[in-house]
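Here is a short briefing on one protein chain. Please keep the structure open beside the text.

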Amino acid sequence: YRRQRQMCIRDSLYALGFGWIVPAIVGFIVGIPVLRLRGDYLAIVTLAFGEIIKSIFNNLYVGLDESGFHFSLLSDTTDLSENGTLIIGGPMGIGSIQKISTFTAGFILVMITLVVVFHLVNSRAGRAIMAIRDNRIAAESVGISATKYKLMAFVISAAIAGAGGALYG
């Protein structure tokens, strides 16, 4: 029992690590073209990207059997054999995941997030981000690269949101 619990904790730490890293990478890739937009257009594109990803995963079915992986975006008929297992079941999500998120895991995640945000706000980059927030034109006139710091804020917020999603999932 103890060994199984240790393996479960190890797997959840891997999932939480991927929950930080993968959204940060996706935030960087999406942020490069999107952050050239301003105002309402930035908000619309960001929301649309989130809805597109949600729609893809709600319609994605992945199964595994002796002949390999089977993918389908149309229905849950992934042509699995009788011994095959459905890994991702569309809106049903990923099967056979143990629910191990606890108050302690949530508390630790909140503390890590608070430390990251506190250090960001009190750093040089945080002051630059606040200057851009207050007046982008004035910040750029003193040599602050608005695109660089907007992208940094975008990536950090994507990573924190991904970690929260990993804990929720």
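Take the contacts in the protein chain between residues at least 6 apart in sequence: 50% join residues at least 24 apart. The model is predicted.

**Overall make-up**

- The protein chain holds 6 helices and 3 strands.
- Read from the N terminus, the elements follow the order α-α-β-β-β-α-α-α-α.
- Of the 169 residues in the protein chain, 22% are buried.

**Confidence**

- The mean pLDDT of the protein chain is 82, and 88% of the residues reach at least 70.
- Where pLDDT is low, the predicted coordinates should not be read in detail.

**The sheet**

- The 3 strands form an open sheet, in the order E2-E1-E3, with antiparallel pairing.
- Strand E2 (68–72) and strand E3 (85–89) are at the edges. Each has a single partner strand, so one side of each is left without a neighbour in the sheet.
- From one strand to the next, the twist averages 20 degrees.
- Strand E1 (residues 61–65) pairs with E2 in the antiparallel sense, over 5 bridges.
- A hairpin through 2 residues joins E1 to E2.
- Leu-64 has Phe-69 in E2 as its bridge partner. Asp-65 stands opposite Gly-68 in E2.

**H3 against H6**

- Two packed helices are described by the angle between their axes and the distance between the axes.
- The axes of helix H3 (residues 103–121) and H6 come within 10 Å and cross at roughly 175 degrees. Angles over 145 degrees count as roughly antiparallel, so H3 is roughly antiparallel to H6.
- On the H3 side, the contact is made by Ala-105, Gly-106, Leu-109, Thr-113, Val-117 and Leu-120. H6 contributes Met-152, Ile-156, Ile-160, Ala-163, Gly-164 and Leu-167.
- By class, the contact of H3 with H6 has 9 nonpolar residues, 3 polar ones and no charged ones.

**H4 against H6**

- How do helix H4 (residues 124–134) and helix H6 (residues 146–168) cross, and at what angle? Their axes come within 10 Å and cross at roughly 110 degrees.
- The range from 65 to 115 degrees counts as roughly perpendicular, and H4 and H6 are therefore roughly perpendicular to each other.
- H4 makes the contact through Ala-125, Ala-128, Ile-129 and Ile-132. The H6 residues are Ala-146, Tyr-149, Lys-150, Met-152 and Ala-153.
- By class, the contact of H4 with H6 has 8 nonpolar residues, no polar ones and 1 charged one.
- Met-152 of H6 is listed in the contact with H4 and in the contact with H3.

**Leu-13**

- Leu-13 lies in helix H1 (residues 2–34).
- Is Leu-13 buried or exposed? Its relative accessibility is 56%, so Leu-13 counts as exposed; the cut-off for exposed is over 50%.

Notes
Residues are numbered from 1 along each chain as its sequence is written. This is a predicted model: local features need pLDDT of at least 70, side-chain atom pairs count only at pLDDT 80 or more; totals for chains, interfaces and linings use all residues. Side-chain values use heavy atoms; hydrogens and water are left out. Two strands pair if DSSP finds at least two bridges between them. Helices (H or I, at least four residues) and strands (E, at least two) are DSSP runs, numbered from the N terminus. Axes are lines fitted to C-alpha atoms, for helices over the stretch in contact, and angles run from 0 to 180 degrees between N-to-C directions. Angles under 35 degrees count as roughly parallel, over 145 as roughly antiparallel, 65 to 115 as roughly perpendicular and the rest as oblique. Contact means heavy atoms within 4.5 Å. Ala, Val, Leu, Ile, Met, Phe, Trp, Tyr, Cys and Pro count as nonpolar, Asp, Glu, Lys and Arg as charged, and the others, Gly among them, as polar. pLDDT is the predictor's confidence in each residue, from 0 to 100. Buried means under 20% relative accessible area, exposed over 50%, partly exposed in between (1.4 Å probe, protein chains only).
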